[in-house]
Number of protein chains: 4
Amino acid sequence: MTEKAARPGVPRRTRADAQRNVEALLKAARTVFDTSGVNAPAKEITDLAGVGVGTLYRHFPLRSDLVKAVVESGIDACAAAGPQLSAVHEPGEALAEWLRQYTEFLGTKRGLAPALHSGDPAYEALPGHFLEKLGPVLTQLLDAAAAAGEVRDDVSTHDLLYAIANLCMPVPGQGPEYNQRMVALLIDGLRAPRQGGSSDSSSTDDGR
Amino acid sequence: MTEKAARPGVPRRTRADAQRNVEALLKAARTVFDTSGVNAPAKEITDLAGVGVGTLYRHFPLRSDLVKAVVESGIDACAAAGPQLSAVHEPGEALAEWLRQYTEFLGTKRGLAPALHSGDPAYEALPGHFLEKLGPVLTQLLDAAAAAGEVRDDVSTHDLLYAIANLCMPVPGQGPEYNQRMVALLIDGLRAPRQGGSSDSSSTDDGR
Amino acid sequence: MTEKAARPGVPRRTRADAQRNVEALLKAARTVFDTSGVNAPAKEITDLAGVGVGTLYRHFPLRSDLVKAVVESGIDACAAAGPQLSAVHEPGEALAEWLRQYTEFLGTKRGLAPALHSGDPAYEALPGHFLEKLGPVLTQLLDAAAAAGEVRDDVSTHDLLYAIANLCMPVPGQGPEYNQRMVALLIDGLRAPRQGGSSDSSSTDDGR
Amino acid sequence: MTEKAARPGVPRRTRADAQRNVEALLKAARTVFDTSGVNAPAKEITDLAGVGVGTLYRHFPLRSDLVKAVVESGIDACAAAGPQLSAVHEPGEALAEWLRQYTEFLGTKRGLAPALHSGDPAYEALPGHFLEKLGPVLTQLLDAAAAAGEVRDDVSTHDLLYAIANLCMPVPGQGPEYNQRMVALLIDGLRAPRQGGSSDSSSTDDGR
DNA sequence: GATGAATGAGAATTCATTCAT
DNA sequence: AATGAATGAATTCTCATTCAT
């Protein structure tokens with residue numbers, strides 16, 4: 001029990017290898033997810049990472065653990081951008097810009113989208129992680145912009161986070177710039193005075 | 001339905017059963033796809049349809065055949081709505097209304113979305129079917145609205161068809177009305193004068 | 001639904017094959033269990049039976065289903081012997097003889113013993129099956145013998161069924177006749193006037 | 001314990017730790033064997049012992065080494081009891097009492113029984129260890145009792161050692177006292193005048 | 001044409017064992 | 001000596017697909 005301390009010269013270093021493996025796995029997973037989807041055989045990932053399957057299972061016992069780790073990588077940077085943008089832009093523009101960055105961030109994780117929509121209960125928790133980290137950031141931006149009258153106030157943080165995530169799904173024959181373009185369209189809709197539809201559609205129950 | 005009569009010399013008596021089976025399979029597939037995704041075990045579908053697996057394979061040798069059939073069911077009605085709407089609405093509103101109907105149509109096929117984004121090459125052809133049938137219809141509406149200056153002219157049929165398909169992906173905790181709401185936002189963006197960003201953002205390369 | 005009836009000439013015969021497979025599996029399982037224990041790889045059994053693994057899983061989804069089936073095969077014959085013996089023997093001898101036959105029956109299932117004692121919860125239900133079928137039979141014999149004063153009355157059906165099952169566990173270097181011999185010893189103990197220990201042992205807590 | 005002193009020239013300092021580990025492993029193994037069987041994952045044992053897997057393998061390279069060590073722990077005390085009992089009891093009672101103590105000893109190792117009956121060749125040697133240590137002791141007692149006419153003379157040491165080991169297998173819903181009771185029954189049979197079966201069973205080939 | 005039993009390839013997962021630290 | 005990360009063989013189980021009836 002006290003032996004570890006009793007051997008000061010052995011700082012339990014092997015961790016470096018383990019860390020390297022975890023990173024290799026993460027990197028490989030990102031690649032493979034993009035290539036073959038989140039349900040790609042574990043072997044494909046470990047082969048790419050150059051480790052044995054056992055190593056994958058040691059660090060990520062559940063497939064969803066790996067997915068989660070991939071999802072979460074980079075999310076902090078995205079969250080951090082919010083306050084910074086608020087500081088240097090008008091509320092509306094800060095919001096728009098953050099959404100563009102968010103879109104870009106999602107472009108990084110294209111292969112994950114199917115997992116989020118797979119319906120597999122194992123991934124049910126994933127969106128929560130997004131919300132938890134990014135929700136508060138976006139809420140801040142959204143509220144500020146709404147308060148300044150620069151965007152409509154009937155769209156929630158949650159609405160937006162998911163709508164954009166949806167718009168970021170890869171589309172055959174199109175790259176990330178397509179998604180940026182569509183998101184821009186949505187943002188325009190957000191900033192435009194609410195239209196809802198002309199004359200007769202105003203009576204339509206459009207689910208709002 | 002009229003096929004029996006179409007082959008006078010062939011007393012193909014069971015044709016009615018086969019037809020009934022195909023329909024049962026289609027119905028079951030729609031349900032199961034929604035519930036368990038497009039890769040649900042074949043057994044799940046055949047059990048629900050009340051037929052043997054063999055019957056499924058006879059009519060839909062490839063899984064993608066079944067998916068394709070499900071995708072295509074109802075698409076004609078959606079396509080037909082275009083001209084009708086053009087006839088009774090202003091171009092912009094006709095477009096908006098058609099997109100709403102398209103959204104509703106997609107709501108019918110929620111379970112299919114993952115297939116479209118699965119990356120599985122077997123489903124690569126699916127989007128083509130959409131485009132083929134619905135593309136011309138939407139193009140007509142879009143061009144008319146753009147010509148009338150009611151919508152921006154830098155968004156293509158293809159762009160829109162996919163963007164809305166993306167926005168129609170199911171979101172946890174939300175029903176179809178959520179998707180309608182987000183689509184409405186996109187439509188607003190489409191009808192709004194192009195903004196691209198406020199003053200300073202005009203210089204920003206916002207990916208468009 | 002009514003189609004089956006509509007084709008009287010097709011009596012759904014394939015069952016013969018299935019039945020043959022089930023029997024082949026049961027036979028193979030009995031052999032393999034004896035050879036390699038109840039936890040032998042499924043492949044070993046299916047190879048011996050000459051069927052694919054899938055067939056094993058179709059008929060016996062759980063390993064314990066197979067074990068149970070093996071356990072139960074032959075149990076009815078054993079149960080049936082009870083009344084017959086009662087009819088032609090004195091109570092004490094009927095009991096003894098039945099226990100001998102029970103021992104012989106267990107010899108048939110030597111490989112199963114470890115399963116019963118594996119502690120694996122999957123097999124927890126197995127003893128129940130024994131009890132259910134054989135318990136009543138033995139109870140009858142035991143009560144009759146006790147009533148006739150030919151055996152002690154402080155040993156229950158349950159006690160005996162398990163004790164003998166235990167005594168029937170294979171012993172290295174010994175065949176079934178060893179087990180018969182030990183069971184005979186137990187039976188002698190059962191028929192002997194209760195001793196509990198001589199004079200001084202009467203004060204011993206002998207666990208009874 | 002006294003080993004340090006036993007090797008004067010070798011300043012083997014860590015010996016104490018090693019010893020402690022071995023003991024911890026033995027204790028843990030006993031527990032785990034009882035709980036999860038002899039084939040429990042090594043990790044389960046090392047976790048309980050609070051050591052790394054490597055340590056387990058250092059001291060017990062083969063699983064059977066560990067099992068053997070567990071089996072043997074306590075066996076000496078059991079062996080030693082024989083002569084003591086002979087000294088203070090009549091031959092028959094000495095034997096009976098020793099068998100009771102042996103039963104109690106086995107109760108300590110309940111989890112091991114499946115190993116002995118697993119058929120796994122790795123454990124084939126185990127029974128030999130029993131025999132080697134306890135055989136001579138029991139032989140002495142048995143011979144004395146037989147010579148005194150207090151027990152039948154057609155049951156061997158080997159027979160008894162195994163029969164009782166079998167009777168000591170855990171039975172669902174029963175504790176060690178059940179096993180004591182069944183062993184007592186066997187002992188009664190041993191002490192009873194040989195019966196073999198009444199009149200008519202004498203003609204039965206009852207496997208003896 | 002319909003059925004469902006059989007097949008067997010494929011994927012997940014576990015765990016004994018090795019070995020670098 | 002101790003540790004625990006890494007490995008990968010072994011095994012289970014599932015399911016798409018075929019095929020005899």
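A polar contact is a pair of N or O atoms within 3.5 Å; within protein, one must be able to donate a hydrogen and the other to accept it, and residues adjacent in sequence count only if both atoms are side-chain atoms. The model is predicted, so local features need pLDDT of at least 70 and side-chain atom pairs count only at pLDDT 80 or more, while totals for chains, interfaces and linings use all residues. Residues are numbered from 1 along each chain as its sequence is written, chains are lettered from A and ligands numbered from 1 in the order in which they are written, and side-chain values use heavy atoms, without hydrogens and water.

**DNA strand F**

- A phosphate oxygen of DNA strand F lies 2.8 Å from a polar backbone atom of A:Gly52, and for D:Gly52 the distance to a phosphate oxygen is 3.1 Å.

**Cysteines**

- There are zero disulfides over all chains, a disulfide being a pair of cysteine sulfur atoms within 2.5 Å.
- The sulfur of A:Cys78 is too far for a bond, because the closest cysteine sulfur, in A:Cys168, is 11 Å away.
- C:Cys168 is in no disulfide, with the sulfur of C:Cys78 nearest at 11 Å.
- A:Cys78 is buried at 7% relative accessible area, where buried means under 20%, exposed over 50% and partly exposed in between (1.4 Å probe, protein chains only).
- C:Cys168 is buried at 6%.
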